[in-house]
Amino acid sequence: MISVVIPAYNSAKTLPKCIASVLGQTYKGEVEIIVIDDASTDETPQFAADPHIRYYRNPSNKGVFFGRMEGVRQAVGDRIMFIDSDDWLPSNAIELLASHDADIVCGDYVYRLTRLNLPHHFNRYELGGHITKQQIRERYIRSAFGDHTLIPVSMCAKLFRTSLFKNISFPDCLLLWGEDRISLLYALHYAEDMVCVPHTVYNYRWGGGTRRFNPQMLAQFSSWHRVITSSARDLGYDRHIAVANEELESVTGYFIRDGILHNHPKDVIIALLVEHLGITQDEASKRYSTQEQSIKKNWLKYFIKRII
């Protein structure tokens, strides 16, 4: 059996499409759908009221990470996959993944630009073939640290052996960003093998025109950086910490540009850089100026990214 875990929070508008995409799979084997409701305050529960769905509700909001792990605890299937409640699967996704026998089977995913209703690949991955435990630990585990060239850096678009998660003690922390990368790190570490298939098995909803500048983004990402570097040392992956450092630099640049594009006060952005990166105000000002110049030189690119 394959268990499909869908963490949901105030997902009444998107959950029906997500569930329908699982129910409409071409896969002929047994599938169970587990919806973990993270204390929603909208009509999410009524869309999970279906005899084909196992529904569990957290008494309080705990975040996606805890929703996924509760799904693991409830899962009956020997293999498991995760879907975010605002995304959906192509009709043959499970069939494509389940046709391979490995601890992790990984496919590609496509961003769906919701405002334009167009598919878009932001990354091109090295998908295709069987990957040994040694290859995972030497190379592919870099994905959990932020290497976007190997496999998708999330828990989605993958089919896992459920036993990978049953006896893992994850870091005791509340992460609002990057929690799936921590889970992926441990799954890759304990996997004996992995198969990558060069097919799209996941539709990721992106955009929609409702996104706003998030002042907490840098704090959330800095928390991820601290946890992933600590986990790297615990598991013996010190050599990959440089990848996480590069990812932190990349996200910091995005954070600054996003703040500028949304007319967030300069002094507030600089203060956040000082607080969460532990740098001086002069260094924070230099980083701000660098991104400001980047926007001026590439204004059309950033304008298009903002509107989609």
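## Setting of lysine 62

Lysine 62 sits in the loop that runs between strand S3 (53-57) and helix H3 (64-74), where helices (H or I, at least four residues) and strands (E, at least two) are DSSP runs numbered from the N terminus. The model is predicted, with local features needing pLDDT of at least 70 and side-chain atom pairs counting only at pLDDT 80 or more, while totals for chains, interfaces and linings use all residues. Residues are numbered from 1 along each chain as its sequence is written, and side-chain values use heavy atoms, leaving out hydrogens and water.

With a relative accessibility of 37%, lysine 62 counts as partly exposed, a class lying between buried (under 20% relative accessible area) and exposed (over 50%), with a 1.4 Å probe and protein chains only. Its C-alpha atom is separated by 10.0 Å from that of aspartate 37, 25 residues apart along the chain.

## Helix H11

Helix H11 (residues 281-297) has 17 residues and spans 25 Å from its first C-alpha to its last, close to the 24 Å expected at 1.5 Å a residue, the expected span being 1.5 Å times one less than the number of residues. Buried in H11 are Ala284, Arg287, Tyr288, Gln291, Ser294 and Ile295. Seen down the axis of H11, these buried residues fall within an arc of 120°, so they line one face of the helix; the arc is that of the directions from the helix axis to the C-beta atoms. The face turned away from the buried side of H11 carries the exposed residues Asp282, Lys286, Lys296 and Lys297.

## The chain as a whole

The chain has twelve helices and nine strands, and 52% of its 308 residues count as buried.
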